[in-house]
Structures are given as C-alpha cells and as structure tokens.
Amino acid sequence: MRLLGIETSCDETAAAIVERMPDGRGRILSNVVRSQLEEHAPYGGVVPELAARSHVSHLDHIVARASADAGVPLDDLDGIAATAGPGLIGGVLVGLTTAKALVAALDKPLVAVNHLEGHALTARLTDGLQFPYLLLLVSGGHSQFVLVRGVGDYERWGSTIDDALGEAFDKVAKLLGLGIPGGPEVERQARLGDPSRFKFPRPLLKEARLDFSFSGLKTAVRLAAEQIAPLTSKDVADICASFQLAVTDIVTTRSAQALARLKLEQRSIEPTLVVAGGVAANQAIGSGLRRITANAGARLVVPPIPLCTDNGAMIAWAGAERLALGDVARLDVSAQARWPLDSADMAVTHGH
Ligand code: KG4
Ligand code: ZN
C-alpha cells in the first residue's frame, strides 16, 4: 500500500510517499520538506498568513517532487493523506484542500490525519515498534506524555499547562537576541556556558502530576537577563546553559515518573519511551533521557531527527495505518485548528 502524505500545519511545506507492507512494516520512498524559516525570520516567529500563502505557492511542486523522487506516479497511489489539524488553520486548509482535489481527480481514498498522530506513530515506521509505548512529544506547539495503545487509541498522561518546551526555547532565544529557530541556537550557546551560574526554577516539579509548566522558567530567565544587562557573550552562554540544565532536569524527572507509572500499569511488556518533536534534537535532553531509561530498564526510541521534526512521511505513514483499518475520510471533512490526540473522534471509525 503506497500513500502520499501532505503536511502544511506550520512552517514546513512537506510531501512524502511511504509504503506499508502487509506485515505492517513501512518504507519511505520519498520525503520532501521545504522549510519557510527564511520567510519568517525577519518577524522573529511564524506569521500564519505568510505561512499559508507560502504553502499555496510551493505545495504543488513539492508534491510533484515527492512523486518523482519515489518513482511513483500519483495515479499509482493507494491513497492520499493530509494533515487535517491541529495547527495554523490557513496552512492546514491549503494541504487538506490540495489533497481533496487530488483524490477527486484521481479517484483515490482520502485520509484526514491528526498531525499529533503522525508524530505518535512515526516510531512504528522507523523502528517497527509494537503497541503499547509511551510517547514524549516535545515540539514548538506541544509538550505531552501520551500512552499509545493502538491506532486511534491514545491516553494523555500529562501536558504543558502554559508554553510548549520548544516554544520556551524559542522565547528564551528571542529575549537573548538569538536567531530562529531558537532551540538549536540556545543549544549551541549552552555548550559554551556554565550551567551552574544561574539557579533557575523547575516549575511544578514538586507536584505529583505528569504535567509541565515552562512559562515561569522563561520569566525567571528574562529577569536574570534584565538584571545583568547589557549581556556579554559569556552571560548569554551561561544563561543558555543554566536554562537548558533546568529544562533537562524537568523533562528527565517527569519522564522517569511516567516510566514508573508505565511499569506499574503494563507489567508484562518491556517499557518503551519514544521521543518525538523538534526538541528531540536536543543532545543534552537526549543524554538525560538515555540515562533515566537505562536506570529504569526501559527502551528509548528516538527516530532520526528529520522524522522527529515536521515532515510528510509521518503523515503518509499515519494515513497508511488508518487506511489499513479502513478509515477513509469523506470529502467534506473539515480542517481543525484544535484537535487533541485523545479526543473521542480520534477513534478509528472502522469496527467501532
Ligand atoms: O516538531 P517541530 O519541528 O515543529 C513543531 O512545533 O511542530 O519543532 C520545532 C521546535 C522549535 O520550537 C525549535 O526551537 C525546537 O523544536 N528545537 C529545539 C532543537 N531543535 C529544534 N529545541 C531545543 N534544542 C534543539 N536542538
Ligand atoms: Zn509537529
């Protein structure tokens, strides 16, 4: 089964073709991603209107390239999947409408994919992972623990109550005058700095719940920076290192707690933690997660970074997993700006 996947929910215009074998394994035949970073850089963040217009300009040739790279004519596809939410609504509309036009012209099934489900199922494409497993999704828009029990069967164990982790990285970068995206810039600076210089707070960490909060930490960083302004390059590096240590501490402590719960609830299986989202690229957080999973006797799976950040392959794959269960969308399916992974309409329609 070969599917085209279209992703346009944020600032990447992406299309890919993925093959799903009858035994459930997958293979990426093409994966084309065009980042809009340079278009948004002058504004210090993603401008939704600009993003939507840029998707309109580029999606057609990105789809054509995905088809050419894979050597699969669109007519040979078994279905077309597109992100139907959550995300910036203008962009989601561009991708979903394009997919609808293609399925109408080619007479193929349409699959409306939840972007978060794309992230959640990627480890099955890259590592052939079996259900259940625990997902830590840390991106620019989301920070959550999700128990992935099956396709459409998700249980959210905790989320951020304010900023997403990637967003916290981006805001810290912005207030320090670093470029976008902020995460990689902060990580680069952190390597040069002293992580013990500033004692930043670990909000919410004393509470037993598996939620995150990063906005107080961001404020503490801002106040520290204001106090010692004007900042030298050493100050910037020390702030980044101290901030990164604080978030690593938060994420690893919470992940250890989540794994302990997983072990209690699923005694018979090897506990597995999957990390997805752009922040998975952060090496300090990655080595912290390797340490706590090793301590817990758990397995850690981090898909290759280009598949952790937004891409079309994850949408094609989630589409294939859904299509394999007979889950085809109607042509009047609508785009959704908000669409939690654990909502009732995530349940696979087939057989329910
Ligand atoms: O998953 P993603 O590509 O897009 C969505 O938000 O869906 O994630 C992008 C986020 C940005 O906030 C970016 O700053 C962050 O991931 N990020 C990082 C790193 N690389 C990307 N954060 C920390 N360290 C990194 N190396
Ligand atoms: Zn994403």
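Author: Begin with a charge over a ring, meaning that NZ of Lys or CZ of Arg is within 6 Å of the ring centre and within 35 degrees of the ring normal. Here the charged end of R261 sits over the ring of W157, 3.8 Å from its centre. This is a predicted model, in which local features need pLDDT of at least 70 and side-chain atom pairs pLDDT 80 or more, while totals for chains, interfaces and linings use all residues. Residues are numbered from 1 along each chain as written, chains are lettered from A and ligands numbered from 1 in written order, and side-chain values use heavy atoms, without hydrogens and water.

Reader: How many aromatic pairs are there?

Author: Rings of Phe, Tyr and Trp (its six-membered ring) pair if their centres lie within 6.5 Å; planes under 30 degrees apart are stacked, over 60 edge-to-face, the rest tilted. The count is five. F198 and F200 are stacked, because their ring centres are 5.6 Å apart and their planes at 5 degrees. Both F198 and F200 are buried (under 20% relative accessible area, 1.4 Å probe, protein chains only).

Reader: Which residues do ring pairs link into a cluster?

Author: F145, F212 and F214.

Reader: Which residues are closest to ligand 1?

Author: A residue counts as near if one of its heavy atoms lies within 4 Å. Ligand 1 is surrounded by 18 residues, the closest being G140, D170, G183, E187 and G278. For polar contacts (N or O atoms within 3.5 Å), a polar side-chain atom of D310 lies 3.0 Å from a ligand 1 oxygen atom.

Key:
Polar contact = N/O pair within 3.5 Å; in protein donor to acceptor, adjacent residues only side chain to side chain. Buried < 20%, exposed > 50% of the residue type's maximum accessible area, 1.4 Å probe, protein only.
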